[in-house]
Amino acid sequence: MDSNRVLEIFKDITRIPRESGHEEQIIAYLQHFASEHSLECRTDEAGNVVIVKPASPGKENIPVLVLQSHSDMVCEKNSDVEHDFSKDPIRYEIKDGWMVAPDTTLGADCGIGIAAELALLESDRPTGRIECLFTVSEETGLDGAKALKPGFITGKTLLNLDSEDEGELFVGCAGGIDTTAVFRYSSSDLPEGVNLFSCRIYNGIGGHSGDDIDKGRANAVQLMARFLYSTLGCYALCAIDGGNKRNAIAREASCVIAVRDNGEQMKRLFSQFAEDVRNEYSSSEPDLSFEFKEVSGDYRAMSDFDAQRLVSALYSAPHGVLAMSQDIQGLVETSSNLASVKMTGDGAVRIGSSQRSSIVSACRAAGEKMQACFELAGAEVTHENEYPGWKPDMNSRILKISRDAYKELFGNEPVVRAIHAGLECGLFLDTYPDLDMISFGPTLRGVHAPGERLDLASLDKFVKLLDKIVVEFC
């Protein structure tokens, strides 16, 4: 295997639309690849694909090895960028040793894993039977992993290629749950003589709601709620919007307010608020930006009572690290992400959030804490998409093979740890309880946010490690 070939395949993948829930074109691409290389290919009802590389002569008795990546990607872009993920290729550049998409997500999570699997499938490396599994809709609910049926894969050892830190081998992950709150509100026509103004917070770094939750990133939704709470009584709330995907930290938020004067007082208050926040996040959010401007439009005003309960709940909702692991130093155990706030146009506001933990009871408790906060404010709250974590097995055979391979290749021990993010491995164990698994990958930064980038030097090491693990296993 060669990292240049892996990168070449990945560049092809960046031209294929594959937003979660809309993986038809990447599925067709995988099926065509299998046909072109005369490889067995199976697709289940959910859209999961398995491509099989048969055992090389003399390798027929070697146990089957499964490689796995998810075929979808998080589709995020800066609000001022024109990009249609349903048809436009990802625009990327190679700069200072990184492959980066400046204005959108890159999709290296987990497109680089797909590319590595395809490179192995087309290689002439002598191996036992290899099953390359590509699952759908991992980013929005791990739907493909949940839909796997017994027998779709036959191997009992699995390499998950969905990690983001070269030099680290992952042997466990957090489970999670999604929590949604819906506020019903009353509204009225704006009185004569009021002026409309937009408040906007943007250019936050954002990032992965699990892996980046402990990095001190600003949550634009909660910051907007903080400003609105501090100025209650000074405005009528007409609109509010912020965040997007549940598994991404909110980078942007905006609102429209109505005031009875020329807006100078609110402008001063917002300017002072912006100065305070920039000072608080001077290290972690150097580009965080704020905008206050007059706008026009056909708006109605939310009642003061409803605005107060909405803003109060958003401001007090749990966000960030809730608990650190007592067993693994430095590992986030439990967290919550206040992901999005959206007005639905039918007298309702929908708030999306997600909670994670390596302990099932703690994850559910975090969801209940979010529920309690929003129910106190009169919202209807539901939970969905619960998925299990993956408990580490330090006696894993594939872990030993991988550690030895890494040390032999690079002369030092890899870090072995669990990750505070959701991997499909926990769900695989529901259907295939005997699986021996490990997860690893090249270094990615800024996943789930515009500016996502891939470290090309780490890609070379990742490909060498994957190749050696496969050879050693076989």
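Setting aside neighbours within four places in sequence, His83 is in contact (heavy atoms within 4.5 Å) with Lys77, Asp88, Pro89, Ile90, Arg91 and Thr104. His83 is found in the loop between β3 (65-70) and β4 (93-95), where strands are DSSP runs of E with at least two residues and helices are runs of H or I with at least four, numbered from the N terminus. With a relative accessibility of 8%, His83 counts as buried, a term for under 20% relative accessible area, with exposed meaning over 50% and partly exposed in between (1.4 Å probe, protein chains only).

The model is predicted, so local features need pLDDT of at least 70 and side-chain atom pairs count only at pLDDT 80 or more, while totals for chains, interfaces and linings use all residues. Residues are numbered from 1 along each chain as its sequence is written, and side-chain values use heavy atoms, with hydrogens and water left out.

Aromatic rings of Phe, Tyr and Trp (its six-membered ring) pair if their centres lie within 6.5 Å, with planes under 30 degrees apart counted as stacked, over 60 as edge-to-face and the rest as tilted; the count comes to 11 aromatic pairs. Two of them share Phe270.

| Pair | Centre distance | Plane angle and type |
|---|---|---|
| Phe227 and Phe270 | 4.9 Å | 80°, edge-to-face |
| Phe270 and Phe292 | 6.1 Å | 40°, tilted |

Phe270 lies in helix α7 and Phe292 in strand β14 (residues 289-295), so this pair ties together parts that are 22 residues apart in sequence. Phe270 is buried at a relative accessible area of 3%, and Phe292 also counts as buried, at 17%. One aromatic cluster is formed by Phe197, Phe227, Phe270, Phe273, Phe290 and Phe292.
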